Amino acid sequence: MTSRYGHFSPDGLEYVITDPRPPRPWANVIANRRFGLAVSQSGSGFTWIDNSQLAVVNWWQQDFAQDTSRKFLYVAEGDDLWSLSPAPVWADYDKYECRHGIGFTTFETERNGLSARWTLFAHASDTVELWMGRSGAVVRHN
């Protein structure tokens, strides 16, 4: 099923958000027994250990529906500064996808000939949030 905001991947294991401004935040909660993180399609979110309300690791506003918590990564090239997730810069992307899957969220963006990929996930058992990324020139194969 496809909507104007996104669709399931062909294998059904991810929801691919293609419009960074849906009517309400589209969040993914990723956790192990002691540790977790929440991240929305805009890149906002928070991290906790043991208790998601009482032991928050980074700044968090309890009303997640406002989508204003912070978890961002930036790219700077010359005078151009943008975030790999839409917030807080809200750059005009040539391509944007946020992929929420079981245990991870990945942002894939392209802007001005650069592509970037940022994946957030929790370690399977340790109290560690992991980020993987890559960037490079946009290459088109016809």
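**Figure 1. Strand E10 is mostly covered.** Seven of the eight residues of E10 are buried. Buried means under 20% relative accessible area, exposed means over 50%, and partly exposed lies in between, with a 1.4 Å probe and protein chains only. This is a predicted model, in which local features need pLDDT of at least 70 and side-chain atom pairs count only at pLDDT 80 or more, while totals for chains, interfaces and linings use all residues. Residues are numbered from 1 along each chain as its sequence is written, and side-chain values use heavy atoms, with hydrogens and water left out. Strands are DSSP runs of E with at least two residues, and helices are runs of H or I with at least four; both are numbered from the N terminus.

**Figure 2. E10 belongs to an open sheet of seven strands.** The strand order is E1-E2-E3-E9-E10-E11-E12, and the pairing is antiparallel. Strand E1 (2–3) and strand E12 (129–137) are the edge strands, each pairing on one side only. Two strands pair if DSSP finds at least two bridges between them. E9 and E10 run antiparallel and are joined by seven bridges. E10 is also joined to strand E11 (residues 114–122) by seven bridges, and these two run antiparallel.

Figure 3. Phe107, in E10, is the bridge partner of Cys98. Phe107 also stands opposite Trp118 in E11. Another pair to find is Lys95, which stands opposite Glu110 in E10.

**Figure 4. Two hairpins involve E10.** The hairpin of E9 and E10 has two residues between the strands, and Gly103 in its turn has a positive phi of about 90°. The hairpin of E10 and E11 also has two residues between the strands; here Asn112 takes a positive phi near 50°.

**Figure 5. Glu14 and Arg99 form a salt bridge.** Their side chains meet at 2.5 Å, N to O. Glu14 is in strand E3 (residues 14–17) and Arg99 in strand E9 (residues 95–101), so the pair links distant parts of the chain, 85 residues apart. A salt bridge is a side-chain nitrogen of Lys or Arg within 4 Å of a carboxyl oxygen of Asp or Glu. By this rule the count comes to eight salt bridges. Glu14 counts as buried because its relative accessible area is 17%. Arg99 counts as buried because its relative accessibility is 17%.

Figure 6. Is Arg117 buried or partly exposed? At 33% relative accessibility, Arg117 is partly exposed, whereas Glu108 is buried, with a relative accessible area of 12%. Salt bridges with shared partners join Glu14, Lys95, Glu97, Arg99, Glu108 and Arg117 into one network.

**Figure 7. A salt bridge joins Arg111 and Asp80.** The distance between these side chains is 3.0 Å, N to O. Arg111 lies in strand E10 (residues 104–111) and Asp80 in strand E8 (residues 80–83), so the pair ties together parts 31 residues apart in sequence. Both Arg111 and Asp80 are buried.

**Figure 8. Tyr74, Leu81 and Val89 make a nonpolar surface patch.** The area of this patch is about 260 Å². Patches consist of residues with over 30% relative accessible area and no salt bridge; like charges are joined within 9 Å, and nonpolar side chains (Val, Leu, Ile, Met, Phe, Trp, Tyr) within 5 Å. Accessible areas come from the Shrake-Rupley method with a 1.4 Å probe, and for residues only the protein chains shown count as cover. Val89 is in the loop between E8 and E9. With a relative accessible area of 32%, Val89 is partly exposed.

**Figure 9. Strands E4, E5 and E6 form an open sheet.** The order is E4-E5-E6, with antiparallel pairing. Strand E4 (27–31) and strand E6 (45–49) each have a single partner strand, so one side of each has no neighbour in the sheet. From one strand to the next, the twist averages 10°. Axes for such angles are lines fitted to C-alpha atoms, for helices over the stretch in contact, and angles run from 0 to 180 degrees between N-to-C directions. Strand E5 (residues 35–40) runs antiparallel to E6, and five bridges join them. Gly36 stands opposite Trp48 in E6.

**Figure 10. Gln41 lies in the loop between E5 and E6.** Gln41 counts as buried because its relative accessibility is 3%. The Gln41 side chain reaches the backbone nitrogen of Trp26 at 2.7 Å.

Notes
A polar contact is a pair of N or O atoms within 3.5 Å; within protein, one must be able to donate a hydrogen and the other to accept it, and residues adjacent in sequence count only if both atoms are side-chain atoms.
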